[in-house]
Amino acid sequence: MPESVAASEVPVGSVTGVGKYAVGNNGAYFAVSRRCRHLRADLADGTIDTDGCLVCPWHQAKYDVTTGQMVRGPQGVFARIPGLDAAFIALTKVFPLTRGKITVNDPNLEID
């Protein structure tokens, strides 16, 4: 059975949690699995950057929501670990975030 959320709860530039998904609006609605591939932070607490990517709230890893792949690895102290960025980016090429299908059923969004 699909999860649902009122479209009004997901204005442009926001992300919220809906069941197992982080649902956001970067100009288009998206749904991806909620757990960051780095240390499993809840991506529903993340932000959307100027590129339309989902940014992890803990270490600012960045995800392309159209593919589920990490496009920038963890930042801060983690950015100083040689090869870590490349390792996580490679990991998400093989194991991207799961993407849900969103159907707009006014006034709700249904996520499968």
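Trainee: What should I know before I start?

Mentor: The model is predicted; local features need pLDDT of at least 70, side-chain atom pairs count only at pLDDT 80 or more, and totals for chains, interfaces and linings use all residues. Residues are numbered from 1 along each chain as its sequence is written, and side-chain values use heavy atoms, with hydrogens and water left out.

Trainee: How many helices and strands does the protein chain have?

Mentor: Helices (H or I, at least four residues) and strands (E, at least two) are DSSP runs, numbered from the N terminus. Here the protein chain has one helix and ten strands. Along the sequence the pattern is β-β-β-β-β-β-β-β-α-β-β.

Trainee: How is the radius of gyration of the protein chain read?

Mentor: It is taken over C-alpha atoms, and the globule rule is 2.2 Å times the number of residues to the power 0.38. The radius of gyration of this chain is 14 Å, close to the 13 Å that the rule gives for 112 residues, so the chain is as compact as a globular protein of that length. Its C-alpha atoms fill a box of roughly 45 × 25 × 20 Å along the principal axes.

Trainee: Which strands form the open sheet of four?

Mentor: Two strands pair if DSSP finds at least two bridges between them. The order in this sheet is β5-β6-β7-β8, with antiparallel pairing. The edges are β5 (47–48) and β8 (70–72); each has a single partner strand, so one side of each is left without a neighbour in the sheet. Inside the sheet, β6 (residues 54–55) and β7 (residues 62–63) pair in the antiparallel sense over two bridges. Val55 has Lys62 in β7 as its bridge partner.

Trainee: How many residues lie between β3 and β4 in their hairpin?

Mentor: Three residues lie between them, and Gly27 in the turn has a positive phi of about 110 degrees. The two strands pair in the antiparallel sense over five bridges, with Asn25 opposite Tyr29 in β4. As a general idea, in a regular strand the side chains alternate between the two faces of the sheet.

Trainee: Are Gly24 and Ser33 buried or exposed?

Mentor: Buried means under 20% relative accessible area, exposed over 50%, and partly exposed in between (1.4 Å probe, protein chains only). Gly24, in β3 (residues 21–25), counts as buried at 0% relative accessibility. Beyond four places in sequence, Gly24 is in contact with Val10, Ser14, Val15, Tyr29 and Phe30. Ser33, in β4 (residues 29–33), also counts as buried, at 13%. Among the residues Ser33 touches are Leu43, Leu97 and Thr98. In β4, four of the five residues are buried, while buried residues make up 41% of the 112 residues in the chain.

Trainee: How many residues does the largest nonpolar core have?

Mentor: A nonpolar core is a set of buried Ala, Val, Leu, Ile, Met, Phe, Trp, Tyr and Cys residues joined through side-chain atoms within 4.5 Å. The largest here has 19 residues; Ala22, Phe30 and Leu54 are among those with the most contacts inside it. β4 and α1 are the elements that give two or more residues to this core, and α1 gives the most, with three. Leu54 has contacts including Val15, Ala22, Phe30, Val32 and Tyr63. Apart from this core lies another, of nine residues, among them Val5, Val10, Val23 and Ile111.

How values were computed:
Contact means heavy atoms within 4.5 Å.
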